[in-house]
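Me: I would like to learn how to read the packing of a helical protein from its coordinates. Please take the structure below as the example.

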Amino acid sequence: MKKSVLYIVLFTGFFVSCTTHTYEDITGDPVVIEDDVTYTANVKSIIDANCVNCHAPGQTASFRLLTNYTEVVSAMQNTNMLDRIQRQNGESGLMPANGRMSQNNIDIILQWNEDGLQ
């Protein structure tokens with residue numbers, strides 16, 4: 001009887017303590033960029049790290065290249081890129097397909113759009 005109660009308490013504690021936050025979401029402070037966000041200074045490294053592995057020539061999503069400024073701006077203006085990067089893990093159409101970027105990276109891309117895609 002005592003073992004059963006102990007197991008129930010342990011399993012309950014285990015399931016209650018589980019979360020789906022990423023390390024960056026837990027520990028990362030929001031990135032504050034005082035000047036306008038630019039592609040070269042702020043966005044290119046995010047796109048390279050999260051998108052180019054699929055959105056490059058010869059890759060699975062080569063129909064929508066994201067390898068340079070012109071291609072990324074075109075995707076921002078002519079597709080639902082902003083919507084897709086803001087979807088939650090498990091939602092259909094989330095980009096990147098292997099899991100949601102950190103909120104900091106999403107916020108930088110959103111700010112870049114608001115600042116005029118420079």
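Me: Which residues have the most contacts inside the largest nonpolar core?

Reply: First, the conventions: this is a predicted model, where local features need pLDDT of at least 70, side-chain atom pairs count only at pLDDT 80 or more, and totals for chains, interfaces and linings use all residues. Residues are numbered from 1 along each chain as its sequence is written, and side-chain values use heavy atoms, with hydrogens and water left out. In soluble globular proteins, nonpolar side chains tend to be buried together. A nonpolar core is a set of buried Ala, Val, Leu, Ile, Met, Phe, Trp, Tyr and Cys residues joined through side-chain atoms within 4.5 Å; buried means under 20% relative accessible area, exposed over 50%, partly exposed in between (1.4 Å probe, protein chains only). Here the largest such core has 21 residues, and Val43, Ile47, Val72, Met76, Ile109 and Trp112 have the most contacts inside it. Helix 3, helix 4, helix 5 and helix 6 each supply at least two of its residues, and helix 6 gives the most, with five.

Me: How many helices and strands does the protein chain have?

Reply: Both are DSSP runs, numbered from the N terminus: helices are H or I with at least four residues, strands E with at least two. The chain has six helices and zero strands. Of its 118 residues, 30% count as buried.

Me: Which residues of helix 4 are buried?

Reply: In helix 4 (residues 69-78), Val72, Val73, Ala75 and Met76 are buried. They lie on the same side of the helix because they cover an arc of only 160° around the axis, the arc being that of the directions from the helix axis to the C-beta atoms. Thr70, Gln77 and Asn78, on the other side, are exposed. The buried residues pack against helix 3 (39-50), helix 5 (81-86) and helix 6 (103-114).

Me: Which residue caps the N-terminal end of helix 4?

Reply: Asn68 does, with a side-chain oxygen 3.1 Å from the backbone nitrogen of Thr70.

Me: What is Ile47 in contact with, leaving aside its neighbours within four places in sequence?

Reply: Contact means heavy atoms within 4.5 Å. With those neighbours left aside, Ile47 touches Val52, Leu66, Val72, Met81 and Ile109.

Me: How far apart are Leu110 and Leu82 in sequence and in space?

Reply: Leu110, in helix 6, is 28 residues from Leu82 in sequence and 7.3 Å from Leu82 in space, C-alpha to C-alpha. Beyond four places in sequence, Leu110 is in contact with Leu82 and Gln86.

Terms used: A polar contact is a pair of N or O atoms within 3.5 Å; within protein, one must be able to donate a hydrogen and the other to accept it, and residues adjacent in sequence count only if both atoms are side-chain atoms.
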